[in-house]
Amino acid sequence: MISLLVSFVVLIAGYLLYGRVTEKIFSPDDRETPAVAVNDGVDCVPMKTWKAFLVQLLNIAGTGPIFGALMGAVFGPVVFLWIVFGSILGGAVHDYMSGMISSRHGGASVAELSGQYLGKAAKWIMRIFSVILLVLCGAVFVTSPAGLLEKLTPDWMNGIFWTVVILAYYMLATLLPIDKLIGKLYPVFGVLLIVMAAAVIGGIIFSGGKYTIPEISLNNLHPDGTPVWPYMFITVACGAVSGFHATQSPMVAKCITSEKEGRKVFYGAMISEAVIALVWAAAGVSFYGTTQMLSEALKSGASNVVYDISTGVLGVFGGILAVAGVIVCPVTSGDTAFRSARLILAETFKLDQKPIKNRMLITVPLLAAGGLFTWVAITDGNGFQTIWRYFSWSNQTLAMIALWLSTAYLLKKGRYRFGSLLTALPAAFMSAVSMTYILTAQEGFRLSASIACPAGALFAAILFFIYIVKLIKNKNNHTSLA
């Protein structure tokens, strides 16, 4: 219990202190944002700060910090450390830089920014990579609500039926101007996500000793002996560091009306997501008592675990919250995933998105691809877990690239000679995580840890050495970006 409370305090302190350091290094000013300079009525639309914050929170969160945290909790309370320090030093910095750099480039996507700062090859790699990731994300966040709705409705309303319904909603959310559907629904659903987490942790803390939240330990408690490195850092993606956020922040960057809102909207939303992830990690290990029992429960699906915890801790009220949360939250991540993919493809093919026919031209094929992935997940008993594993690795690899992109931006800006360490250090860390995982994972090269771990460390060291060389070359560069 003490570890959890201290973790919450550290996260708040991280926002107040490290968030200001991040803001100072980026140096927001009074230039016009895309919401003001472009204001096209479709994607670049001014939003109030509180609404932009809630939209960003729901964009990046959904069930990511719930499902990921629960699966990460199988490693034991060591997961608390990754959620806290990963978010402050990596995830929130990543989200802030992704959003703010995008704002300074007219709301450009992470793919376009990669081309400008990492080269043309990086731009095309990121275009393909990010669109695939977003379609996978959309599929991941269709399967869980469709599966739960199938259990709660008559037999003829099966998983396929609910998949079609959700994809139809995705069509509307992807096509309509951002303030017409997302801007109206997301603030409400964002509050629901926060209330859901607060109610669950409150029920556990005030249970009269029925549930015990363990203290932080460095011991690996995974019942199958799966090593913490690198698997925990891949499993807990959205609750700590997530490349998916680099695709979402540019969407909200098109809606903020001042650069000085960035810390509240981008850094603040990530810290809030970390709080939610902490709640669910603590709930998982305390409700089931052991990581073995939590692991067994997760075999029936993460959405079922959320339902069991909510109803077990809060009764009927918890059941209502769980059903609403497990249905609404993933849907609100999936729709913006497809919307982001539309924007990336629009940039690629230079299609003006003001005419709805141009939006349709991109949206229909995207949703068809998402439907295919979802069908595979529904018809395959392990489909969700399989897609999640591919999504998680792709997600963390995208985070690695977005952090190196941010490092290149700071090097070019050159206001603070060592300011680029802000992003270079977490970029190197995520490079080691991503490379080690793909070398050892079942869906990767399946190499032994004795080979993969040194190879991952070497990969990160090479990239960091290249960064140091660039830093030395740019030591006298104080050119500010226009």
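Begin by selecting helix α1, residues 2–26, together with helix α5, residues 79–103: in this predicted model the two pack with their axes 10 Å apart and at an angle of about 30 degrees. Because angles under 35 degrees count as roughly parallel, α1 is roughly parallel to α5, and the crossing of the two helices is right-handed.

Next, show the side chains where these helices meet. On α1, select Ser7, Val10, Leu11, Gly14, Tyr18, Thr22, Glu23 and Phe26, which make the contact with a set of α5 residues that includes Phe80, Val84, Phe85, Ser87, Ile88 and Leu89. Further along α5, the contact also takes in Val93, Tyr96, Met97, Met100 and Ile101.

To display its lining, select Gly107, Ser109, Val110, Ala246, Thr247, Pro250, Met251, Lys254, Ser340, Leu343 and Ile344. The elements that give two or more residues to this lining are α11, residues 244–253, and α14, residues 302–349, with α11 supplying the largest share, four residues.

Finally, colour the lining of the second largest cavity by residue class as well: its residues divide into six nonpolar, four polar and one charged.

Key: Residues are numbered from 1 along each chain as its sequence is written. This is a predicted model: local features need pLDDT of at least 70, side-chain atom pairs count only at pLDDT 80 or more; totals for chains, interfaces and linings use all residues. Side-chain values use heavy atoms; hydrogens and water are left out. On a 1 Å grid over the protein atoms alone, a cavity is a set of points where a 1.4 Å probe fits but cannot get out, and a pocket is an open set with protein on both sides within 12 Å along at least five of seven lines; lining residues have an atom within 4 Å of a point. Ala, Val, Leu, Ile, Met, Phe, Trp, Tyr, Cys and Pro count as nonpolar, Asp, Glu, Lys and Arg as charged, and the others, Gly among them, as polar. Axes are lines fitted to C-alpha atoms, for helices over the stretch in contact, and angles run from 0 to 180 degrees between N-to-C directions. Angles under 35 degrees count as roughly parallel, over 145 as roughly antiparallel, 65 to 115 as roughly perpendicular and the rest as oblique. A crossing is left-handed if the near helix is turned anticlockwise from the far one by less than a right angle, and right-handed if clockwise. Contact means heavy atoms within 4.5 Å.
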